[in-house]
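Subject: A structure for you to explore

Hi there,

Here is the structure I promised to hand over. Please open it next to this email and follow along as you read.

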Amino acid sequence: MTTENKILVQQALAGLIETHDADALAPFLSDGFVHHRPDSTTSTKTEWLAAVRAALVPLADMQVEVLQLLADGDHVVVHSRRWLPGPGPEITVVDIWRVEDGLIAEGWEIIEPVAQAAANLVWWNSAQQHVS
């Protein structure tokens with residue numbers, strides 16, 4: 001099942017990246033699909049596809065490089081680097097997808113601007129000082 005789940009996610013992402021059309025994702029998502037963000041925001045399939053569709057307008061030229069694609073059981077993790085042409089910002093994204101009955105049923109997404117990565121470690125340094 002792990003290999004099939006990995007292929008499913010690869011096909012869904014390839015369709016989106018190649019067509020820049022959120023509707024390319026729809027056939028890969030279950031009707032009960034739920035998308036989660038770190039701020040506790042959740043979206044239904046319809047809401048998430050609408051958000052992806054809206055985001056694709058200003059990001060039509062976005063480049064995506066998949067750095068890692070890992071699968072274990074019903075979960076597939078995609079670690080990618082995304083950027084706009086020229087001196088635009090670069091982000092690192094980790095998506096976790098849960099597959100059920102041959103469709104993506106749930107997704108979690110973490111986005112970090114590369115330029116802010118060092119600054120985001122401040123909380124870690126502070127926590128280490130409290131432990132020492």
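A word you will need first: a residue is buried when its relative accessible area is under 20%, exposed when that area is over 50%, and partly exposed in between (1.4 Å probe, protein chains only). Please keep in mind that this is a predicted model, where local features need pLDDT of at least 70 and side-chain atom pairs count only at pLDDT 80 or more, while totals for chains, interfaces and linings use all residues. Residues are numbered from 1 along each chain as its sequence is written, and side-chain values use heavy atoms, with hydrogens and water left out.

Let's begin with the salt bridges. The term means a side-chain nitrogen of Lys or Arg within 4 Å of a carboxyl oxygen of Asp or Glu. Side chains of opposite charge can pair when their charged atoms come close. Searching the whole structure turns up eight salt bridges.

One of them joins Glu65 to Arg81, with the closest N and O atoms 2.6 Å apart. This pair links distant parts of the chain, since Glu65 sits in strand S3 (residues 63-72) and Arg81 in strand S4, 16 residues apart. Strands here are DSSP runs (E, at least two residues), as helices are (H or I, at least four), and both are numbered from the N terminus. Glu65 is partly exposed, at a relative accessible area of 33%, and Arg81 is partly exposed too, at 25%.

Arg81 also forms a salt bridge with Glu90, where the closest N and O atoms are 2.7 Å apart. Glu90 counts as partly exposed, at 28% relative accessibility.

Next, look at Arg82, which is found in strand S4 (residues 75-83). Its side chain meets that of Asp95 in a salt bridge (3.0 Å, N to O). Here again distant parts of the chain are linked: Asp95 is in strand S5 and Arg82 in strand S4, 13 residues apart. Asp95 counts as buried because its relative accessibility is 2%, and Arg82 is buried at 16%.

Finally, which residues of helix H2 are buried? They are Lys45, Trp48, Leu49, Val52 and Leu56. Seen down the axis of H2, these residues fall within an arc of 100° (taken from the directions from the helix axis to the C-beta atoms), so they line one face of the helix.

Enjoy exploring!
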